[in-house]
Amino acid sequence: MYNEIDLHHMNFDDALRVFITKYNALYKKGMRKEIVVIHGYGSKFLDSTPVIRIKIREYFLRNKECVKMRLDMNQGVTYILPLKPLPIPKKKKR
């Protein structure tokens, strides 16, 4: 059985914050099995670009020391294997 983190109906900043919070909580509880990240096929389209799917996968690639990413035939999900806790991003100044 997989653990899931669902990021549907969010903008990317909220999706990333929710993902990191839930991921780190699962890691702290000892979860080391694959986690299914459900982001949808094109969550929050912007000029026909699937923003969450692309940005969350780029985030995983930038954090290879913390997560191992695996893609599936289903473009609406990404599987990750926890390796260590993820850093909390600094808040952007407005």
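Strand β2 (residues 35–38) is covered on both of its faces, with Ile35 and Val37 buried on one side and Val36 and Ile38 buried on the other; buried here means under 20% relative accessible area, exposed over 50%, and partly exposed in between, with a 1.4 Å probe and protein chains only. In a regular strand the side chains alternate between the two faces of the sheet.

The model is predicted, so local features need pLDDT of at least 70 and side-chain atom pairs count only at pLDDT 80 or more, while totals for chains, interfaces and linings use all residues. Residues are numbered from 1 along each chain as its sequence is written, and side-chain values use heavy atoms, with hydrogens and water left out.

The protein chain has two helices and six strands, arranged along the sequence as β-α-β-β-β-α-β-β; helices (H or I, at least four residues) and strands (E, at least two) are DSSP runs numbered from the N terminus. Of its 94 residues, 44% count as buried.

| Strand paired with β2 | Sense | Bridges | A residue pair |
|---|---|---|---|
| β1 (residues 3–6) | parallel | four | Ile5 and Val37 |
| β6 (residues 77–82) | antiparallel | four | Val77 and Ile38 |

Between β1 and β2 the chain passes through helix α1 (residues 12–28), and this β-α-β crossover is right-handed, a term used when, with the strands pointing away from the viewer, the path from the first strand over the helix to the second runs clockwise.

At the start of α1, a side-chain oxygen of Asn11 comes to within 3.2 Å of the backbone nitrogen of Asp13. The 17 residues of α1 should span 24 Å at 1.5 Å a residue, and this agrees with its end C-alpha atoms, which are 24 Å apart; the expected span is 1.5 Å times one less than the number of residues. The buried residues of α1, among them Phe12, Leu16, Phe19 and Tyr23, pack against β1, β2, α2 (51–62), β5 (67–71) and β6. Just after this helix, Gly30 takes a positive phi of about 100°.

Glu34 lies in the loop between α1 and β2, and it counts as buried because its relative accessibility is 19%. Its side chain is joined to that of Arg70 by a polar contact of 2.8 Å, that is, a pair of N or O atoms within 3.5 Å in which, within protein, one must be able to donate a hydrogen and the other to accept it, and residues adjacent in sequence count only if both atoms are side-chain atoms. Leaving aside neighbours within four places in sequence, Glu34 is in contact (heavy atoms within 4.5 Å) with residues including Tyr2, Asn3 and Tyr79.

Notes
Two strands pair if DSSP finds at least two bridges between them.
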